[in-house]
Amino acid sequence: MTSNVELAAWVEEVVQLTKPEAVHWCSGSEEENSSLINLMENSGDLIKLNEETHPNCYLHRSDPKDVARVEHLTFVCTKNELDAGPNNNWLEPSAGHMKIDKLFNGCMEGRTMYVIPYLMGPYGSPYARAGVEVTDSPYVVVNMRIMARIGLRALEHIEKGNGFVKGMHSLGDLDPDKRLIMHFPEELSIKSIGSGYGGNALLGKKCHALRIASSQARSEGWLAEHMLVLGMESPTGETKYVAAAFPSACGKTNLAMLVPPKGYEGWKIWTVGDDIAWMHLGPDGQLWAINPEAGFFGVAPGTSLKTNPNCMNTLGKNAIYTNVAVTKDMQPWWEGIDGDKPDSLVDWQARPHDLELNGPAAHPNSRFTVSAEQCPSFSPKGNSPAGVPISAIIFGGRRATVSPLVYEAFDWNHGVFTGAAMASETTAAAAGATGQVRRDPMAMKPFCGYNFADYWQHWLSFSQKSNNLPKVFHVNWFRKNENGEFIWPGFGENMRVLEWILGRCAGHSDALETPIGFVPRPEAINFDGLELTRETISALLNIDPEIWANELCEIETYFETYSEKLPESLRLQLERVKSSFAKESVA
Ligand code: SAT
Ligand code: MN
């Protein structure tokens with residue numbers, strides 16, 4: 001229980017509505033965790049994996065219709081529709097409450113309600129924020145215990161008088177027609193029902209640390225972003241930090257844990273976070289970032305010793321796997337993992353694996369949940385209360401064409417335009433079609449808790465507050481040739497691009513000014529040992545004016561959906577790019 005009157009009253013209110021059989025306040029202890037795991041092993045919600053190869057690891061198979069975020073069922077409820085913006089589904093708050101409370105009514109009958117106090121951000125950080133999630137899912141409790149700092153210390157933080165976000169979650173009956181994820185940024189509350197899947201159910205993550213926090217960040221003058229944070233240590237021992245925004249399932253975890261390739265002996269990448277960054281202006285005018293999370297909820301398929309050895313070395317113990325396949329001897333398995341495909345596999349729905357009949361063995365959005373501190377590359381500054389100073393911000397999408405491997409924005413405001421103009425092919429992280437290009441500004445399309453036009457204005461406002469802001473870049477690891485093959489090797493080789501980026505920050509990497517920004521001269525990036533042909537290198541760095549003319553039209557059409565709210569500065573940036581293409585074609 002708690003001495004915080006507001007918290008006690010709210011929990012009582014939730015009890016009255018949802019009518020649980022019992023209420024359990026989570027301490028976050030080891031014993032509590034073991035007993036929940038025990039409970040779930042008995043109910044079949046968790047299956048123990050091979051203790052010898054994967055100590056303390058478990059498999060969870062979710063409902064097959066509950067495997068990803070559901071953007072069409074996710075709402076931002078603000079008094080004024082314009083505050084949610086065309087980028088969000090909107091309901092007026094009282095209508096939202098009424099709609100979702102009907103589903104919550106009595107939904108926990110016969111179940112235990114768990115009360116999870118949690119902290120997003122390192123203990124002792126002035127930037128850390130608290131929340132309390134109530135849920136009827138023990139799977140949510142054990143995952144939240146890895147992903148956030150839960151239990152007594154978080155409760156203490158709240159009881160000291162710090163505010164907290166109220167998050168109400170129930171599995172309901174997992175019926176997709178009775179699934180809703182609602183945010184009330186003006187009330188600092190979240191209500192989610194009908195899904196047990198990560199992004200919909202672990203409320204500290206996308207719901208709190210992005211949707212609610214982005215809205216708080218706007219009014220308080222900071223940034224809550226869908227970004228990994230990494231440190232890059234040079235052979236001289238100096239470490240510079242970068243934050244990078246890519247949409248879900250576009251390689252944030254891989255970049256955050258990168259192992260430098262051959263030729264980069266003496267360099268080291270340190271992982272601060274793989275998904276979310278909260279950034280505040282420091283007294284030095286730099287942006288300082290913390291990772292509000294404590295764990296990784298990463299995509300399993302494609303992860304291997306070749307693509308991400310640090311991740312594989314993180315995953316082997318104390319991990320929860322969701323919707324992966326298993327081998328005969330109960331080891332987790334997914335498409336793209338090392339080694340040959342074993343003969344007999346049980347797929348993510350517990351069927352004997354049959355590719356033709358049932359598709360991939362692991363669900364394309366199957367996940368692992370694991371503590372960040374277990375990662376061999378976890379940064380010594382990963383729990384630093386002050387965070388780390390950011391030298392460069394990188395935006396990136398998954399684009400088969402259009403965007404070159406890397407370019408640098410001319411200045412902060414042009415960088416904001418570059419982020420606002422981002423687009424990417426959709427992935428399995430959200431329900432719906434994959435591989436379709438959509439506008440995904442700053443990789444925040446599914447996560448910005450307010451009108452994007454106000455969000456861009458907020459980003460732009462930083463140029464008035466500091467002249468020591470990070471440089472802004474755009475990358476694209478996913479360019480393809482006419483045969484549909486990727487032309488950039490990616491993964492560890494992305495180090496070469498990071499090196500160019502840090503060189504630009506230090507003022508020495510060479511670049512060519514183009515209408516879209518500074519693009520590296522081919523000799524300015526270290527391509528040694530990659531055996532890329534001259535044609536491939538030029539294709540990687542190419543900016544095709546015709547393709548860009550079309551792209552700029554699409555950006556313009558998209559910007560128009562924000563009508564008069566669109567910041568004038570973004571309109572001007574678009575005009576500037578257009579006119580410099582026009583000048584180039586005359587020249
Ligand atoms: O499921 S999550 O939303 O937490 C992961 C992601 O899609 O980025
Ligand atoms: Mn994400």
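I count Ala, Val, Leu, Ile, Met, Phe, Trp, Tyr, Cys and Pro as nonpolar, Asp, Glu, Lys and Arg as charged, and the others, Gly among them, as polar. This is a predicted model, in which local features need pLDDT of at least 70 and side-chain atom pairs count only at pLDDT 80 or more, while totals for chains, interfaces and linings use all residues. Residues are numbered from 1 along each chain as its sequence is written, chains are lettered from A and ligands numbered from 1 in the order in which they are written, and side-chain values use heavy atoms, without hydrogens and water.

Ligand 1. I looked up the residues around ligand 1 (a heavy atom within 4 Å) and found R69, Y197, G199, K205, K206, H226, S248, F297, R367 and A429. By class, this shell divides into three nonpolar, three polar and four charged residues.

Polar contacts (N or O atoms within 3.5 Å). I noted that an oxygen atom of ligand 1 lies 2.8 Å from a side-chain N or O atom of R69, and I found 2.8 Å again for a polar side-chain atom of K206 and for an N or O atom in the side chain of S248. Of the 250 Å² of accessible area that ligand 1 has on its own (Shrake-Rupley method, 1.4 Å probe), the protein covers 98%.

Domains. I read the bounds, which come from an automatic or database assignment, as domain 1 (5-45 + 73-221), domain 2 (225-295 + 380-542) and domain 3 (297-369). The shell around ligand 1 draws at least three residues from each of domain 1 and domain 2.

Note on methods: A polar contact is a pair of N or O atoms within 3.5 Å; within protein, one must be able to donate a hydrogen and the other to accept it, and residues adjacent in sequence count only if both atoms are side-chain atoms.
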